[in-house]
Each structure stands twice: as C-alpha cells, then as structure tokens.
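Me: I'd like to learn how to read a model like this one, feature by feature. Can you walk me through it?

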Amino acid sequence: MITSVFAAILKKLKDDTTLTGYLGGASHISRAKSLAPAVLPAVTLRDSGESSRQRPCYARHKHRDNDSSVQIDVWVSSDATTFPSTGEDASKIANRIDEILLSVPQVTNTSGWLKNSETPMFEDDTRIFHVSSRYGFKYSLNDS
Amino acid sequence: MSGCTTNIQDVIDQLTRIKGKIPPQVRKEMKDSCIVIVATAKDYCTPGMSPYDSMVFPTKGRYGKGKGLGRMGLGTVWGEGNIKSGAPFQIGDLRRHNDYVVSEDDDAHVEGVVLNNAGHAVYVHEGTSKMQARPFLLDAVKAKQDNTDTNIWKGVNAAVEEALK
C-alpha cells in the first residue's frame with residue numbers, strides 16, 4: 001500500500017473526535033508494530049495484503065488499479081477502571097471505526113470500502129480484549 | 001423485415017430449468033476450489049513454503065510440549081527449521097486442522113467455507129498483543145481468488161449448457 005493511502009486512513013481515524021474521545025487522544029491510533037502498544041486503549045493499523053492490475057494501455061498511460069486490505073485492531077485492557085474496559089466497550093470502538101471508514105466521503109483517493117471480517121478475542125494471560133477487523137478497498141495510481 | 005415473438009412462459013420455464021441445474025454444478029466447482037484453497041493454507045503453515053517464513057517470533061519454541069531441538073517428554077521433536085521460520089508450524093496441529101465445508105440453502109445459494117478449528121487458530125490468524133497476525137486462511141483465499149472465480153463460472157456455464165440441451 002502506498003504511504004499516502006495509509007496516511008489518509010490514519011488521518012480519517014484521527015480526525016474523528018468521537019473515536020479519539022473513546023481512546024483518550026489521537027496518539028492512541030497508530031501503525032501496528034509486532035507487539036501491541038504498551039499504552040491502552042489503542043487502535044493499530046497494518047497493511048494486510050494488496051494485489052495490483054495494470055489497466056489496458058498501461059505502456060502509454062502507466063495506470064494501475066490496486067485492491068488493498070487493511071487490518072485494524074482494537075486493544076482494551078480489562079483491568080482499566082473507566083471506559084473502555086469491557087468487551088462491549090471494545091466492540092463500541094470497533095463499530096465507530098466501521099462508521100468512519102464505511103461512510104462517505106471515503107478515505108481520500110480510495111473507493112469501494114467494505115468490511116471483510118471482525119473477530120473479537122480475549123487474551124487470558126494479558127487480560128486484553130482484542131477486536132481484529134479487516135477492510136478491503138481500492139485505489140488507483142500512476143506509475144512514473 | 002423479420003420479426004420474432006416470444007412466449008414469456010417458455011422463457012420462464014427455461015430460466016427455471018437453468019436455475020435448477022446450477023447448484024449441483026457450482027457445488028462441485030466450489031468443492032474443487034475449497035480443496036485448492038485448503039492445500040494453499042496448509043502450505044502457508046509449512047516452514048519453507050510459507051509467506052511468513054521471514055517473520056521473526058523470538059519466543060517461538062520456548063512454550064508448549066517441547067522446546068528447542070531434540071525429543072522431550074511427550075515425544076515431540078522440533079526441528080531447528082521450525083523454530084527459525086515464521087511459519088505457524090510447531091508440531092503440525094494447526095496445519096492438520098485446515099478444512100472446508102460446502103453447503104447449499106433452500107434458495108439455491110451455494111457457500112464454501114474454509115476453516116480451521118484448532119483451538120489456537122484464531123490467535124495465530126488474527127494475532128495477539130504478543131504475536132503478529134498470520135492470516136493463513138485469508139491469504140490462501142486471496143491467492144486463489146482468480147482460480148475460484150474461474151471455477152464457479154465454469155460451473156454456471158456447464159449448468160446453462162446442460163439446461164439448454
């Protein structure tokens with residue numbers, strides 16, 4: 001996924017005051033690393049695969065169409081004493097992310113957003129509610 | 001000048017015949033597609049054949065029935081390659097549980113589902129706070145999407161041809 005598209009998705013989430021209100025600030029929304037963030041609650045994003053097709057007359061116009069996928073994880077600690085601290089709270093955050101990404105106007109320079117999956121989990125050892133969602137979308141680009 | 005008249009009831013009867021022929025053909029093609037996807041998912045759970053080979057999991061091999069090289073306790077042997085590879089493979093339990101189900105409802109909708117009912121599958125597939133996601137089923141479905149689409153259309157076309165004989 002090109003960096004400008006990833007950045008646009010991050011921006012749309014961070015610009016939503018309802019979502020940042022749930023989390024305690026826009027800094028709680030970030031690109032995923034190999035481990036969950038140390039500070040919870042948090043929302044992390046990771047690239048989840050992409051395919052690309054050249055349009056007809058690519059040799060002349062250099063247009064490509066990409067089908068991309070992004071995984072968005074909601075992390076909520078059950079040891080928190082205030083919202084969010086339950087599985088229902090984690091689902092509420094995930095639902096808000098749905099409303100943001102599946103509404104119009106869509107993320108800048110993208111189209112065809114759809115939600116492919118949502119998997120709620122609870123980690124017994126860390127006592128973290130984890131909701132993993134995947135979204136598919138399309139975007140086009142011009143190669144130089 | 002030529003003309004053509006159509007009996008609407010004949011058209012309806014023909015479409016009904018076609019509709020009746022589609023599910024068995026599509027079910028067969030869906031089953032073949034699911035077999036291919038499951039085989040791909042198994043590859044993705046195999047060191048040396050997995051797109052996750054280069055991912056690093058520092059704690060892999062420290063927990064579970066055996067650890068490191070050699071035979072331990074319950075007779076589990078873990079090879080060094082299994083530890084170093086990021087593929088979701090330790091004793092092959094996850095790989096073994098890849099499976100599929102093809103079903104049809106009363107409205108002639110055919111559905112194929114690829115699944116893994118190992119207890120830890122969801123945590124490997126979606127990731128945890130300590131372990132990056134390795135969506136082996138989803139990636140297998142995506143990798144074989146074109147093959148699946150071609151197969152389904154082959155089934156539909158075969159059903160139409162059979163109905164129109």
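What follows is a short walk through chain A and a few spots in chain B.

Me: What should I keep in mind about where this model comes from?
Reply: It's a predicted model, so treat every value below as computed from that prediction.

Me: Let's begin with the overall layout. How many helices and strands does chain A have?
Reply: Chain A has four helices and five strands. Going along the sequence, they come in the pattern α-α-β-β-α-β-α-β-β. The C-alpha trace of chain A spans about 60 × 30 × 20 Å along its principal axes.

Me: And what share of chain A counts as buried?
Reply: Of its 144 residues, 44% count as buried. Chain A exposes about 7300 Å², and carbon and sulfur atoms supply 51% of that. As for contacts with a separation of 6 or more in chain A, 58% come from residues 24 or more positions apart.

Me: Now helix pairs. How are α1(B) and α6(B) oriented to each other?
Reply: Look at the angle first. An angle over 145 degrees counts as roughly antiparallel. Helix α1 (residues 8-44) and helix α6 (residues 145-163) of chain B have axes that cross at roughly 155° and come within 7 Å, so α1(B) and α6(B) are roughly antiparallel. The crossing of α1(B) and α6(B) is right-handed.

Me: Which residues of α1(B) and α6(B) meet there?
Reply: On the α1(B) side they include B:I18, B:I22, B:V26 and B:M30, and on the α6(B) side they include B:I152, B:V156 and B:V160. The residues of this α1(B)–α6(B) contact divide into twelve nonpolar, six polar and five charged.

Me: What about α1(A) and α4(A): at what angle do they pack?
Reply: Helix α1 (residues 3-14) of chain A and α4(A) pack at about 120°, with their axes 10 Å apart. That makes α1(A) oblique to α4(A). Here A:I9, A:K12 and A:L13 in α1(A) meet A:I97, A:I100 and A:L101 in α4(A). The contact of α1(A) with α4(A) has five nonpolar residues, no polar ones and one charged.

Me: Last topic: backbone geometry. What do most residues and peptide bonds do?
Reply: Most residues other than glycine have a negative phi, and most peptide bonds are trans. Against that background, look at the bond from A:L40 to A:P41, which is cis with omega near 5°, and the bond from A:V104 to A:P105, also cis with omega near 0°. A:P41 sits in the loop between β1 (29-31) and β2 (42-54) of chain A.

Me: What is the phi of A:N109?
Reply: A:N109 has a positive phi of about 65° although it is not a glycine. A:N109 counts as exposed, at 64% relative accessibility. A:R127 has a phi near 60°, also positive in a residue other than glycine, and A:R127 counts as partly exposed at 39%.

Conventions. Residues are numbered from 1 along each chain as its sequence is written. Chains are lettered from A and ligands numbered from 1 in the order in which they are written. This is a predicted model: local features need pLDDT of at least 70, side-chain atom pairs count only at pLDDT 80 or more; totals for chains, interfaces and linings use all residues. Side-chain values use heavy atoms; hydrogens and water are left out. Axes are lines fitted to C-alpha atoms, for helices over the stretch in contact, and angles run from 0 to 180 degrees between N-to-C directions. Helices (H or I, at least four residues) and strands (E, at least two) are DSSP runs, numbered from the N terminus. Angles under 35 degrees count as roughly parallel, over 145 as roughly antiparallel, 65 to 115 as roughly perpendicular and the rest as oblique. A crossing is left-handed if the near helix is turned anticlockwise from the far one by less than a right angle, and right-handed if clockwise. Contact means heavy atoms within 4.5 Å. Ala, Val, Leu, Ile, Met, Phe, Trp, Tyr, Cys and Pro count as nonpolar, Asp, Glu, Lys and Arg as charged, and the others, Gly among them, as polar. Buried means under 20% relative accessible area, exposed over 50%, partly exposed in between (1.4 Å probe, protein chains only). Accessible areas come from the Shrake-Rupley method with a 1.4 Å probe; for residues, only the protein chains shown count as cover.
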